[in-house]
Amino acid sequence: MMDIRAVRMAPLVACVLWLGMCPALAQVQTNTPRDDVEVIVSPRESGTQSRVRDFFRSMKQRIASVTGQVLPFTKCEKWSVPKANLEAVKKEAAKRGVVVTELGADWNHVMRSAPADTQLNEKQRAIMELAKAGKATAGVKLMAAPPPAVLEHALMKDANNPAAPRDAGKITVALGDNRTKTIIRTGVEIKPDMCIWRGVVEETGALVTLMWWPNGRMAGTMQEPGRIYSIRHMGGPIYAMIEMGGDRMPQEHAPMPVRLRSDDPNARDDPLVNQGDASLLRPVTLGMRTPAPPALKQPQQKQVVAPPAAPGAADVVIDVIIAYTRKAAANYTDIKNELVDLSIEEANESFRMSGLGNIKLRLVHAYQTSYVEEGAHFDHVWRFADRGDGYMEEIHGLRDKHRADVAVLIVDDPQGCGLATRVYADADEAFAVVHHDCAALTYSVAHEIGHLIGARHEPTMDKVRTPFPYGHGYVNGTKWRDIMSYKESCDGCPRVPVWSNPKVLIKGEPAGTPQQDNARVISEQAARVAGFR
Ligand SMILES: [Zn+2]
């Protein structure tokens with residue numbers, strides 16, 4: 001199956017910083033007796049982490065062979081204790097308000113089936129019901145994760161040790177129904193308040209992204225052939241594992257609204273589906289509500305050929321503001337962390353995997369809008385973009401205030417995965433709408449922002465050769481398609497998060513041609529978009 005490790009760089013560099021923060025990790029351990037037991041030591045009450053270090057010093061005086069490592073995020077510790085001393089350590093721990101958890105053979109199982117008697121509160125039940133009712137949902141399972149410190153150990157063990165055996169970075173994730181997946185860590189990126197853990201499924205090479213916070217919370221995705229898994233936090237150690245059928249996911253763009261279709265009933269020629277460009281139907285709707293001021297009317301698309309960015313170019317950062325509706329937010333415990341942040345990270349990973357590592361999206365603000373979804377994606381996106389139409393007027397001030405180059409509205413509307421105002425938008429029309437299920441799982445935030453920058457679909461869907469004749473997606477037979485291509489063009493094959501680029505190889509095969517090189521479009525045009533605000 002897919003193996004794109006060849007084209008990605010595991011961002012383990014960040015772990016060097018992590019090591020620097022934590023000298024205890026550098027401790028050299030030698031001659032560890034075979035009958036040692038590994039345990040995680042954590043305080044019984046949060047906020048009393050200093051008790052763990054004090055406890056270690058005290059035990060070290062009594063049992064010389066005890067060794068310990070600080071887990072830098074949870075500030076708990078992993079100890080190696082002679083088996084003969086384990087009971088004495090546990091007994092002393094209980095007196096000091098410290099908990100000792102033995103690491104068993106399943107120490108790296110980061111997700112297991114939740115206990116059958118798990119009680120859910122009203123909000124959790126509502127999230128489960130919404131997930132089960134989702135159009136793309138094939139199944140929903142209630143899962144449980146280990147305590148935060150055990151989780152940190154499982155995810156981060158030897159992350160900073162390039163000489164560690166491959167097994168050190170393996171975790172096991174249960175999918176329910178006695179199915180499990182072994183995932184090999186490929187990189188960890190440390191952020192100020194959380195980590196992004198990336199890996200591949202051992203047997204298929206499918207991509208896995210986990211976001212992980214020191215309090216033990218996780219959110220993430222696993223891209224299996226024909227299946228996409230969404231991991232959503234339900235509170236405490238409880239998670240929902242939502243299994244979605246790749247064939248049940250909405251198509252990238254919803255067909256044009258029926259009321260606009262009278263002059264072109266042929267859906268195969270639907271410009272929204274083929275081109276993902278909402279400006280094409282714009283003249284039909286002008287006059288239906290207060291028209292935009294003259295300056296905001298459709299600018300003429302120009303044939304632009306900008307010089308390519310120089311190799312080793314400085315970072316180009318596109319600032320993004322994301323609004324979400326109440327309806328979309330209801331699907332998550334915390335939509336900002338679990339979905340908005342994840343969709344930005346997934347977009348950035350797609351740039352890194354496509355030789356565009358200097359281009360980054362940066363979330364500058366996320367908020368819930370009072371907009372009540374009504375109509376089609378076409379309606380949502382123009383209501384979001386238009387000034388003075390009475391819908392989501394706050395976005396324009398917030399966009400200016402936070403200097404966001406691009407604005408994305410996240411909805412719960414599975415008619416399509418998303419829609420941008422136009423391909424190659426100017427500053428006044430750098431707006432897009434995205435269905436929440438697609439935002440991260442099918443990289444639709446990246447896809448729509450790609451349209452705004454100037455990228456088009458693969459040529460079988462979209463034959464338009466402006467503004468960039470080479471600005472098209474790429475499909476490799478029926479093996480895979482890129483971030484801008486349709487599953488219909490490759491018999492339902494999986495999407496890989498790359499931008500078409502003849503210089504990028506996926507399992508030895510190029511991810512584009514000189515005529516299908518959206519990476520070139522992104523490389524040449526990202527700075528234009530990054531300068532919108
Ligand atoms: Zn599109």
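Biologist: Which residues is leucine 280 in contact with, leaving aside its neighbours within four places in sequence?

Modeller: Pro271 and Gln275. Keep in mind that this is a predicted model. Leucine 280 sits in the loop between helix H6 and helix H7.

Biologist: Why is leucine 280 called partly exposed?

Modeller: Count the C-beta neighbours inside 10 Å: leucine 280 has 18. Buried takes 20 or more and exposed takes 12 or fewer, so leucine 280 lands in between and counts as partly exposed.

Biologist: What makes aspartate 177 exposed?

Modeller: Aspartate 177 has 10 other C-beta atoms within 10 Å. The limit for exposed is 12 or fewer, so aspartate 177 is exposed. You'll find aspartate 177 in the loop between strand E7 and strand E8, and its phi is positive, about 55°, although it is not a glycine.

Biologist: And how do you know that lysine 507 is partly exposed?

Modeller: Lysine 507 has 16 C-beta neighbours inside 10 Å. Lysine 507 is in the loop between strand E21 and strand E22, with a positive phi near 50°.

Biologist: On to helices. How do you know that the end-to-end distance of H2 agrees with what a helix should span?

Modeller: Helix H2 has 13 residues, and at 1.5 Å a residue they should span 18 Å. You count one less than the number of residues for that. The end C-alpha atoms of H2 are 19 Å apart, which agrees.

Biologist: What puts the buried residues of H2 on the same side?

Modeller: The buried ones are Val52, Phe55, Phe56 and Met59. They cover an arc of only 105° around the axis, so they are on the same side of H2. An α-helix has 3.6 residues a turn, so residues three or four places apart point the same way.

Biologist: What do the buried residues of H2 pack against, and which exposed residues are on the face turned away?

Modeller: They pack against strands E1, E2, E3 and E4 and helix H3. The face turned away carries the exposed Ser50, Arg57, Ser58 and Gln61.

Biologist: Why is H13 called roughly perpendicular to H14?

Modeller: Their axes come within 9 Å and cross at roughly 75°. Angles of 65 to 115 degrees count as roughly perpendicular, so H13 and H14 get that name. The contact is made by Gly450, Leu452 and Ile453 of H13 and Asn518, Val521, Ile522, Gln525, Ala526 and Val529 of H14. Those residues divide into six nonpolar, three polar and no charged.

Biologist: At what angle do H9 and H13 pack, and which residues make the contact?

Modeller: H9 and H13 pack at about 65°, with their axes 8 Å apart. Ser343, Glu346, Ala347 and Ser350 of H9 meet Val445, Ala446 and Ile449 of H13. By class, that contact has four nonpolar, two polar and one charged residues.

Biologist: One last thing: what kind of peptide bond joins threonine 466 and proline 467?

Modeller: A cis one, with omega about -5°. Proline 467 is in the loop between H13 and strand E19.

Notes: Residues numbered from 1 in each chain as written. Predicted model: local features only at pLDDT ≥ 70, side-chain atom pairs only at ≥ 80, totals over all residues. Helix = DSSP H or I, 4+ residues; strand = E, 2+ residues; numbered from the N terminus. Contact = placed C-beta atoms within 7 Å. Axes fitted to C-alpha atoms, helices over the stretch in contact; angles between N-to-C directions. Parallel < 35°, antiparallel > 145°, perpendicular 65-115°, else oblique. Nonpolar A, V, L, I, M, F, W, Y, C, P; charged D, E, K, R; others polar. Arc of directions from axis to C-beta.
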